[in-house]
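Subject: Structure handover

Hi,

Here is the structure for you to look through. My notes on it follow below.

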Amino acid sequence: SQGGMLVPRIIASDAGKHIAGAVVMSAPSGPMEDLMLMQYRAILGRAEEEGASDEKLARLQKQVDTWEKAVTLLKDPVYSKEHLPEHFPLPNAYWWFDFRNYSGPLLARNQNVPMYILQGENDVQVPPPSLKVWRSALSQRKDVAFKSYPGLNHMYIYYSKNSTGEEYKLPGNVPEEVITDVANWIHLGMKDLSKNGEEADPFVIE
């Protein structure tokens, strides 16, 4: 998620070229602040549909209002890391302004460290279309492979219903397929990657 979207920035800071490759899981394709606002609006929307109490709806609306204010300030070019707003509604204002408007796919476009980018198709936190943005941005690279997994949520655990995050409380395991895919990519994938950004063929360890 957040760690995955930061991979291109980590690669860019690797002056010694120590990073041989990276596995990126459920990485947002656009600014984190936009994604967070979308998530809180969606949570409020689901609560309204479920007929939540007025108290809960008021609390969720307050969270949305906080994020709307934060995003408005983050999008305002008047402010920067060097000139932070006096009243920023989230902790660590410097971090947010250092990170605002960040796009991992755009940064990764001109890099050359192999990457394997994965996405669960039942992810309520990072929308599955994020993977399409990564694919499009990196379509000219031949050292990047992609794979999506039907039914897997943000935790890479299968859930038969639409994920809401509430199911994170349920016991579950990451499917062997995911673990094997990552292991095989590390073992073989960095020298046998996808064809012009298309999904790689399954790798097999002998």
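Start at Arg 9. At 31% relative accessibility, Arg 9 counts as partly exposed, because that class runs between buried (under 20% relative accessible area) and exposed (over 50%), with a 1.4 Å probe and protein chains only. Note that this is a predicted model, where local features need pLDDT of at least 70, side-chain atom pairs count only at pLDDT 80 or more, and totals for chains, interfaces and linings use all residues. Residues are numbered from 1 along each chain as its sequence is written, and side-chain values use heavy atoms, leaving out hydrogens and water.

Salt bridges

The count is 9 salt bridges (a side-chain nitrogen of Lys or Arg within 4 Å of a carboxyl oxygen of Asp or Glu). Arg 9 makes one with Asp 98, with the closest N and O atoms 2.6 Å apart. This pair links distant parts of the chain: Arg 9 sits in helix H2 (residues 7-12) and Asp 98 in helix H5, 89 residues apart. Helices (H or I, at least four residues) and strands (E, at least two) are DSSP runs, numbered from the N terminus. Asp 98 is partly exposed, at 27% relative accessibility. Lys 81 joins Arg 9 and Asp 98 in a network of salt bridges.

Glu 33 bridges to Lys 75, closest N and O atoms 3.2 Å apart. That ties helix H3 to helix H4, across 42 residues. Glu 33 is buried, at 0% relative accessibility. Lys 75 is partly exposed, at 35%.

Lys 147 pairs with Glu 177 at 3.1 Å between the closest N and O atoms. Lys 147 is in strand S3 (residues 144-149), and Glu 177 is in helix H8 (residues 176-187). Lys 147 is buried, with a relative accessible area of 16%.

Helix H3

H3 (residues 32-49) has 18 residues. Its buried residues include Glu 33, Leu 37 and Leu 44. The buried residues of H3 pack against helix H1 (2-5), helix H4 (54-75) and H5 (contact means heavy atoms within 4.5 Å). Just after H3, Gly 51 has a positive phi of about 70°.

Aromatics

There are 8 aromatic pairs. Rings of Phe, Tyr and Trp (its six-membered ring) pair if their centres lie within 6.5 Å; planes under 30 degrees apart are stacked, over 60 edge-to-face, the rest tilted. Tyr 40, Trp 67, Trp 95, Trp 96, Phe 99 and Tyr 102 form one cluster. Trp 96 is buried, at 10% relative accessibility. Phe 99 is buried too, at 2%.

Best wishes

Definitions and conventions:
The expected span of a helix is 1.5 Å times one less than its number of residues.
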